[in-house]
Every structure is written in C-alpha cells, then in structure tokens.
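Let's take a friendly walk through a protein structure together. Have the sequence and the 3D view ready, and turn the view as you read.

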Amino acid sequence: MVGWAVLPVSALAALAIGAVLILAFGANPITGYRALLNGAFGGSYALASTAQKATPLLLVAAGTCVAVRANVWNIGGEGQIVAGALASTATALALPGLPGWLLVPLVLVVAAAGGALWAGVAGVFKAYFNVNEILSTIMLNLVAVQVMNYLLSGPMVNRSQSFSVTGLIPQTRLLSSRSWLPTLVPGTQLNLGVLVALAVAAAVYVLLWHSGFGFRARAVGLSPEAAAYAGMSVRRTTVNAMLLSGAACGLAGAVLVFGSISHRMVTDGSLTGFTGNDGFNGIVVALFGGLNPAWSVVSAFLFGGLLVGGTAMQGATGVPTDLVTTIEGLVVVFVVSMDFLRTGARLRQEVTERGGDGDLPARARSRSLVLRLARARV
Amino acid sequence: MSQFFTYAVITATIASAVQYAAPFLLAALGETVGQRSGVLNLGVDGIMLLSAFSCYFVALRTGSDLLGVVVGMLTGAVLGLLTAFMSVTLRAQQGISGIGVYILGLGLSDLLFVRFVGTPLPVSSLPNVSVPGLSRLPALGPMFFQQNWLVYIAFLLVPAVAFFLYRTTYGTRVLAVGENPAAADSVGISVTRTRYATVVFGCTMAGLAGSTLLLLDGIFQENLTQSAGFIAVALVYFGAWRPFGVMTGSLLYGVVTAVVLQWKSLGIIPTSAADLAATAPAVITVLALVVLAGRFKQPSSLGKAYVRGA
C-alpha cells in the first residue's frame, strides 16, 4: 500500500537531512545517531525514560485522533495540558490530606476536566459561532501559558524556597507524596501514567470504531452535510469531540506534574517552559500514527525515544536538541507532502467513476514519476 | 491612573503601539493575499523565525540592516516556494503542513543560531526617521511620523495591497481563484501560477515581518516570535480578509500590548498581575473572532487544493 511506505520514507528523509545538519556541526552523524539510539533504547533505564517521555505524547496524540477524525483541528494541546495541570495541581495543593487511593484518581479526573473545559471553549466557538478552531486553540494556548505564569509566580508560588537574585522560581511547593503517580519499575521513572495513557489510547480506539459517538464523529469528519442530512447533530458532535480531545490533553498535564521527578508544577516563563512543546509534539505523533490511536502507541514510543535520545546525542556530539525539533518538523512536512500519493490515486478513481476520461489533468500526470509508481502499485 | 493621561505618556504609548503593530501587519497583509487566493499558510511563525535568524546573521556580519532585511525576505521567499509546492502542487492538508513548517522553523532557527553565532550580540538598533513637516505636528507627529523605516513600509503597504486586490487585473484574478478556482481555470487563469505567486508574496512578507521583529528587538533568541506568526493569521480572520480590516486588527493588538506594558511600568498594574494582563491582546482577539466570524464569509476555496475535473 502506498499509504504505508510514506511513514518510513518520511522518517528516513528527515533523518538524512538531520545527518547533514550534524555534519554542519563538525560531528559524525553515525556517532550522533548511535548516541541517540543508545540513549533512547539502550537498556532498561533508557527504555523506561523513553516510555515516560512518550506518555504525555500518546495522550495528546489520542486526543488529536478524536478531534481530527471529527474534522476539528485541535492545535490547542499546549493550552489544554496547562489547564489540566493547573486544575489538578490546585486540587492536590488544596487537599493534601486525602488518602492516595482517592487523591490520585481525583487529580486525574480534575486534570481531564480542566483540559476538556479549555478545549470546550474552542469547540463551542466553532460549533455555534463559526470561529476557526485552529486559530482559537492557538490563541487559547497563549492565554493559558500567561495565566500559568501568573499563578505559578503569584498565588500558587512556593514561598518557602530560598530567595535568589533573580527572584522566586515560578513553581509550586512539593506536592503531597500521596498524589504522586506510583512508580511501576523501581529505580526508573516509569510510573502509572504510562498505563493511563495506554488505557486512554485503547478507549479512544474503541470509541472511534465501536461506538455511536465514534460513528457520528467520523461521519461528521468525512462530510458534515451528509451527517446532518442523516439526522446527526454536527454541532454537538463537534463540541463533544473537542471535549474528549481536551480531556486527553488535560491528563497529559497531570502526568507532567504528578509523574515528574520534581513532583511539583514548575515553568521557566517561556511558552514551552512547562509543556516542553508536548502539545505540538503529540500532534506530530498522531499524524505519524496515521490518526489511529493504536499506531499512535508505536509512534509515541518512537518520538519519545527521539526526544530522550536527543539529549544523549547532545552530550556525545554537542549538537543541540533543537536538531530533534527540526527533524520532527521535517517529518510532518514529508508525511503531509507525500499524502498525495494516496489522494492522487483516489481522485483518479473518483474522476473515472464519474464518467471522466479516467485521467488526472495532464500537468499532474506529466509532473510526477512518483505518482506513476503509485498508480502501478495501487 | 492620572500619570497615564499625560501628553508625553499617551503619545509615547501610541508611538510604541504603532511600532508593535508593524510586524503583525506585515505578516498579516501577506497572509491576506495568500488566503484570498485560497491558500491557508499556517507556517508563518516558522518562516518568521528563520527569516529573523538570517536577517540577524547578515546584519551582525555586515553591519547593514538593509542587507539583513533583504536576506530575511529572500529566506521567506524560498520557504514560500516550499509552502506553495506542498499546498498547491502536492495538495497537502494545509493546516497541518503549516504546523510542520512552524516546528521546522522553531528547531532550525535556534540550531543555526547555536552553530553560527552562539553568543548573542546585539545588532545596531533601527534609527527613527522623521517625516519632513508631518513629524512636527503636535501629538500626531511624535505618534506616527517619528518611526523607523520598516514601520512606514508596513503601513504604506496597506493601501498598496488594497489597490492591488481591488483595482488591478492581477488582484481580481487572485480573488477569482480564491472564490471559484474552477471558474477561473475555465477562463484561462492558471490557478497554480496564481497561488504560487500569492504564497511566495505572503511568505516574503512573513520574512519581512520576521526581520522587522528582529531589528526591533536587536537580538536573536530561541522562539523570538512568541507565536506572533499565528497571531498574524488570526488577524487576517479578524480583518475579514480586507487590508484595512487587517490594519485595524494589528493596531488594536499593538495598542493593547503597548498600554499593558506602559501600565505595568507606571505601576498601574501590579508586577504580580502583569502576566495576567498580558493575556488581554489574545483574549480580545478571540472574542473579536467570535463576534465577527458570523458576519463575513471567508474565501470559498480557502484551504482546499484545486484539482481540475474533481
């Protein structure tokens, strides 16, 4: 299948350009990539770190699958992560005395609710006011980060930290150990969050392909007009898809706080200071996973490895971790660009079925050797 | 509050509001032309970042702001070709390909900075150019006519783009391609060529916007734009795809930003609440989108690739 080949080809092409960039730093790409692979997948500690890093990515990716399948482009993962993290952190700070069996589920639920609420705003704006959700979610990202910076340096700041020249670090005090996500493998960072993320991915899979909501969401995603004609509420489906998507991203926020090493919510004042850009990285993961939550598990693990290994590569070769960001961007560019292999073939079929001359426009035909190859394989 | 309502403070605030508006305006004007032809380019922020770096690098090495701006715009044009190739030729899903360009720009700009510059040195700041005569007007002079040359260019481009879109044959072709590409195609207008031209123009403007932002700041840093490119795209919707509407939106954004900063420095907003107040421009933009979205129709083919006969 054409669709399949796109992913490894995209990844290899991006890594090849990455190799050129490593060369530009005067380092050996083989040394660099070997350090990356070793840092990501070499040994149990590395694997656990990768799985840990993959956890929020998978949650955001699962949320992205729900939204995009319903044709809602939720680019607001960053803001929804922050909203979920703030809501759950505030809860844990307010109720430190609750027993762990109650507190952990509670913070997870509150985080999901916080993320859902933040995404729901954009969902309602799209469904009832026709506001482009890509724009509203991006603007809401900016708002969420500023609110977080305010709360973490003001009302929620840890006042008992030792005072430095630059002032207080924008972070909360250490959260009650009863709210921490339990460690699964002693001696590593691997915690309950991984299981939560896998459960969410499984739930999203079942929801999308084995539930009434999933059917409606996919119908609305494929053709809002047809779905409305069949009696489905496009507006309600849009809002619901956004709520679910936001809930998954909100959970990622809880994982970043209660599954972190520092066990507190901390930022550095920059846009990605708390999230580490996971809200965008998760979208890349979902795209690479074919907008399917099951494949997103694999994809999240690979990209988690890329991010963890990037740090190891920086240590070995001095190439900054920005290289990983660059490679991610290239992967997206290549995946969406090569998607035309599939759509090109489909369009050709459609034109044929409608009684056309069975050919794409002359320009499209002459343009691409790749397309001819694709046609031979379909 | 009384210390805000003085002649000197008000004029200084408006002057900096006009300056803050300039990069948003430049990027949004370019995006307007692209969207009018039916192409949604969400990669503006990434293009601004890479252009800002190339402008910084050249300005730092040569000492020439002008040369920096030219190279920044060229960077935008090259990325424009890439964007057009993806959106028009390969018919990629435009929302997500733009996110790809954004992430690429975010990573690559800082990577290049670390590799080729490393230590952040400032470039010479942009000198203000007084407009003869007008700059001596009371109040209006210091607000609008003692700016740097990039600000003048940004605002002069507003009537220029409006004239192009509404009063020239080429502009009408752009509108036709955006509203109904099949009809435009049937009368012999090349949809592909038109869209390539508008996208490359839009990205060159994004390059100019990134260069402007860099020269206003005087120094490059990671994620310098702070999502300014995304805000510019939002301002296109805000301005209902009209150059003067986009200018109004950019000025509103600039005014709110400048007032918040001024109030912060005057102590009207306590330092602790400054972050909260900084959300005002984004919140206002979202609310404006809610109010305006129902009233104006977007270009009919926006975001949709054109396939003849499909």
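To compare two helices, we draw an axis for each one, a line fitted to its C-alpha atoms over the stretch in contact, and take the angle between the N-to-C directions, on a scale from 0 to 180 degrees. Keep in mind that what you are looking at is a predicted model.

With that idea in hand, find helix 3 (residues 44-69) of chain A and helix 10 (residues 234-258) of chain A. Their axes come within 8 Å and cross at roughly 175°. Angles over 145 degrees count as roughly antiparallel, so helix 3 of chain A is roughly antiparallel to helix 10 of chain A. On the helix 3 side, the contact includes A:Thr55, A:Pro56, A:Leu59 and A:Val60, while helix 10 brings residues including A:Ala241, A:Met242, A:Leu244 and A:Leu251. Sorted by class, the residues of this contact are 15 nonpolar, five polar and no charged.

Two of those names come back when we turn to the largest nonpolar core. This core has 215 residues, and A:Leu58, A:Leu59 and A:Leu251 are the ones that touch the most other members. Which residues does A:Leu58 contact, leaving aside its neighbours within four places in sequence? They are A:Ala197, A:Ala201, A:Val285, A:Ser296, A:Val297 and A:Ala300.

Now try another pair in chain A. The axes of helix 4 (residues 77-94) and helix 6 (residues 133-153) of chain A come within 7 Å, crossing at roughly 35°. The crossing of these two helices of chain A is left-handed. Among the residues that meet here are A:Val82 and A:Leu86 from helix 4 of chain A, and A:Leu140 and A:Met148 from helix 6 of chain A. The contact between them divides into nine nonpolar residues, three polar and one charged.

Follow the chain onward to A:Gly97, which sits in the loop between helix 4 and helix 5 (100-129) of chain A. Is A:Gly97 buried or exposed? A:Gly97 has 8, so A:Gly97 is exposed. In sequence, A:Gly97 and A:Ser179 are 82 residues apart, yet in space their C-alpha atoms are 9.7 Å apart.

Finally, look at where the two chains meet: 46 residues of chain B are in contact with 50 residues of chain A. Helix 4 of chain B gives the most to chain B's side, with 15 residues. By class, that side of chain B has 28 nonpolar, 13 polar and five charged residues.

Notes: Residues are numbered from 1 along each chain as its sequence is written. Chains are lettered from A and ligands numbered from 1 in the order in which they are written. This is a predicted model: local features need pLDDT of at least 70, side-chain atom pairs count only at pLDDT 80 or more; totals for chains, interfaces and linings use all residues. Helices (H or I, at least four residues) and strands (E, at least two) are DSSP runs, numbered from the N terminus. A crossing is left-handed if the near helix is turned anticlockwise from the far one by less than a right angle, and right-handed if clockwise. Two residues are in contact if their C-beta atoms, placed from the backbone, lie within 7 Å. Ala, Val, Leu, Ile, Met, Phe, Trp, Tyr, Cys and Pro count as nonpolar, Asp, Glu, Lys and Arg as charged, and the others, Gly among them, as polar. Angles under 35 degrees count as roughly parallel, over 145 as roughly antiparallel, 65 to 115 as roughly perpendicular and the rest as oblique. A nonpolar core is a set of buried Ala, Val, Leu, Ile, Met, Phe, Trp, Tyr and Cys residues joined through C-beta atoms within 7 Å. A residue is buried if 20 or more other C-beta atoms lie within 10 Å of its own, exposed if 12 or fewer, and partly exposed in between; C-beta atoms are placed from the backbone.
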